[in-house]
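Visitor: I am new to this structure and would like to learn how its descriptions are reached. Could you show it to me and then take my questions one at a time?

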Amino acid sequence: MASEEERRRQHRHRHKQRVLRGIPDDLVNDFDAAAHAARSDRSRITRQLWEWYARRPGAELPKRPAAPSIESDNHPK
């Protein structure tokens with residue numbers, strides 16, 4: 001059986017976590033859905049945006065998925 005320290009080491013994140021505050025849950029849900037539709041994930045897209053905003057050489061804005069159709073739009077009209 002693994003020791004307490006071994007268990008902690010196994011569950012540590014490989015990368016330092018960054019926290020963003022004040023983002024409404026509905027925006028997080030929409031962002032996650034859009035990232036999934038673009039076959040990406042929240043971390044990858046956020047990193048691309050940060051690199052572009054900081055004007056890193058070669059950085060480009062991430063590709064956005066197509067806009068949802070009116071029938072599948074979950075927002076009230």
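Guide: Let us begin with arginine 39, which counts as exposed because its relative accessibility is 77%, and the term exposed is kept for values over 50%, whereas buried means under 20% and partly exposed lies in between, with a 1.4 Å probe and protein chains only. This is a predicted model, in which local features need pLDDT of at least 70 and side-chain atom pairs count only at pLDDT 80 or more, while totals for chains, interfaces and linings use all residues. Residues are numbered from 1 along each chain as its sequence is written, and side-chain values use heavy atoms, with hydrogens and water left out.

Visitor: Where does arginine 39 lie, and what is said of its phi?

Guide: Arginine 39 lies in the loop between helix 2 and helix 3, where helices are DSSP runs of H or I with at least four residues, strands are runs of E with at least two, and both are numbered from the N terminus. The phi of arginine 39 is near 55°, a positive value in a residue other than glycine. Most residues other than glycine have a negative phi.

Visitor: Why is arginine 55 called exposed?

Guide: Arginine 55 has a relative accessible area of 75%, and therefore it is called exposed. Arginine 55 is found in the segment after helix 3, and its phi, near 60°, is again positive in a residue other than glycine.

Visitor: How many helices and strands does the chain have?

Guide: The chain has three helices and zero strands, so that read along the sequence it follows the pattern α-α-α, by the DSSP runs already described. Buried residues make up 4% of the 77 residues in the chain.

Visitor: What makes aspartate 32 and arginine 42 a salt bridge?

Guide: Their closest N and O atoms are 2.8 Å apart, and the term asks for a side-chain nitrogen of Lys or Arg within 4 Å of a carboxyl oxygen of Asp or Glu, so the pair qualifies. The pair links distant parts of the chain, with aspartate 32 in helix 2 and arginine 42 in helix 3, 10 residues apart. A search of the whole structure finds one salt bridge.

Visitor: How do you know whether aspartate 32 is buried, exposed or partly exposed?

Guide: Aspartate 32 has a relative accessible area of 28%, so it is partly exposed, and arginine 42, at 42% relative accessibility, also counts as partly exposed.

Visitor: What makes a nonpolar surface patch here, and which residues form it?

Guide: Patches are made of residues with over 30% relative accessible area and no salt bridge, with like charges joined within 9 Å and nonpolar side chains (Val, Leu, Ile, Met, Phe, Trp, Tyr) within 5 Å. The nonpolar patch here covers about 870 Å² and is made by Leu20, Ile23, Leu27, Leu49, Trp50, Trp52, Tyr53 and Leu61, with areas from the Shrake-Rupley method and a 1.4 Å probe, only the protein chains shown counting as cover for residues. Leucine 20, placed in the loop between helix 1 (4-10) and helix 2, counts as exposed because its relative accessibility is 53%.

Visitor: Which helix gives the largest share of the nonpolar patch, and which gives the largest share of the lining of the largest pocket?

Guide: Helix 3 gives the largest share of the patch, four residues, and the largest share of the pocket lining, six residues, comes from helix 3 as well. The largest pocket is lined by 17 residues, of which Arg18, Leu20, Arg42, Ser43 and Thr46 lie nearest its centre. A pocket is an open set of points on a 1 Å grid over the protein atoms alone, where a 1.4 Å probe fits, with protein on both sides within 12 Å along at least five of seven lines, and lining residues have an atom within 4 Å of a point.
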